[in-house]
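Let's take a walk through this one together. Have a look at the fold first, and then we'll go through a few spots.

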Amino acid sequence: MNLSEFDYDLPDELIAQYPAAQRTDSRLLVPNSGLDEFRDMRFHELGTLLCPGDLLVVNDTRVLPARVMAAKPSGGKVEIMLERIRDDCTAIVQLRANKPIRDNQPLEVKGRRLGVEGREQGFYILRTLDGRSMSALFEDHGRLPLPPYVSRTVEAQDEKRYQTVYAEHPGAVAAPTAGLHFDQALIDSITSAGVRWAKVTLHVGAGTFQPIRNENVLTHRMHREWVEVDEATCLKIAATVESGARVVAVGTTVVRALESAAANGTLEPFAGDTDLYVTPGFEFRVVDALVTNFHLPRSSLLILVSAFAGKERVLAAYRHAVALGYRFFSYGDAMFLEKSR
């Protein structure tokens, strides 16, 4: 299985640099059964695709201000980009500087002392040396991170629009972007129509933007991310399955969270790290339908979506979206996909 099979042509002007004026103004592409049959909708029409009893599952992670500027004792500048907080005193990070970073490199952020302890899966291990928490460092001195393909500086509106309206648990360094299209009015409308809601938490890491470097898709290894699927969500899913309704994941992060919790064959409460990598042939045990944004060419997320809905169907939909000028990636438009049979 070659990476080149998961490629498509995307004009730069279709990469969304700003969100839609209103969250639900985004477009929503719905592939039908054929490879050339599509419905072009708006996200506020999502409720027409759902049935009473369906269960929407969302990721309630909250994006941290994960980008911090530090200094070496020499005065050289170092950009710290959080991957994830490992415990109270250590974090897994990306570091960018003019010169290579060495082990035991001391750093300082506004009087706070830090040390680089080594490497882990291509990232750096960063430790606080002043007895204060790592999370406080980012909360006090961090800036909101935008994805690398958003080629502008952070603006005031991003503080609100790069979070979902239901974000609750801080820990992500990138937004679960399928959820950015929901506003409270749409949630209320869908709920009043008999669609139920459940939540999981998956703290999206900066590794989500790391490219697949090997042409052989199956040799790629995913970065680890922290997941929690609680008992209440498992019970709601069990009741949904029993009733014959659908489990609809809002975003690929929800797919990975739920399928990680069902990795032993049965969905069970789960809290811990996952490095689940979904490729064509994967057996989806939980999710029946998926709301998702458009993903980068040759990416693990495009591979996941292709595994879920069928590669040819997905790539045909992407070609349709490009031809009609859909907006792509984090601040772009969305798709509604049902699992291929």
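Contact here means heavy atoms within 4.5 Å. Leaving aside neighbours within four places in sequence, tyrosine 162 is in contact with a list of residues that includes Val63, Leu144, Pro147, Phe209 and Tyr331. This is a predicted model, where local features need pLDDT of at least 70, side-chain atom pairs count only at pLDDT 80 or more, and totals for chains, interfaces and linings use all residues. Residues are numbered from 1 along each chain as its sequence is written, and side-chain values use heavy atoms, with hydrogens and water left out.

Tyr162 turns up again in the largest nonpolar core, which has 67 residues; Tyr162, Leu258 and Phe328 have the most contacts inside it. Such a core is a set of buried (under 20% relative accessible area, 1.4 Å probe, protein chains only) Ala, Val, Leu, Ile, Met, Phe, Trp, Tyr and Cys residues joined through side-chain atoms within 4.5 Å. Its largest share, seven residues, comes from H6. Helices are DSSP runs of H or I with at least four residues, strands are E runs of at least two, and both are numbered from the N terminus.

So how does H6 sit against H7? The axes of H6 (residues 300-309) and H7 (residues 311-323), lines fitted to C-alpha atoms over the stretch in contact, come within 7 Å and cross at roughly 120 degrees. Leu302 and Val305 are among the H6 residues that meet H7.

Finally, asparagine 216 lies in the loop between strands E12 (196-202) and E13 (225-229). Its C-alpha atom is separated by 6.0 Å from that of methionine 1, 215 residues apart along the chain.

Definitions and conventions: Axes are lines fitted to C-alpha atoms, for helices over the stretch in contact, and angles run from 0 to 180 degrees between N-to-C directions. Buried means under 20% relative accessible area, exposed over 50%, partly exposed in between (1.4 Å probe, protein chains only).
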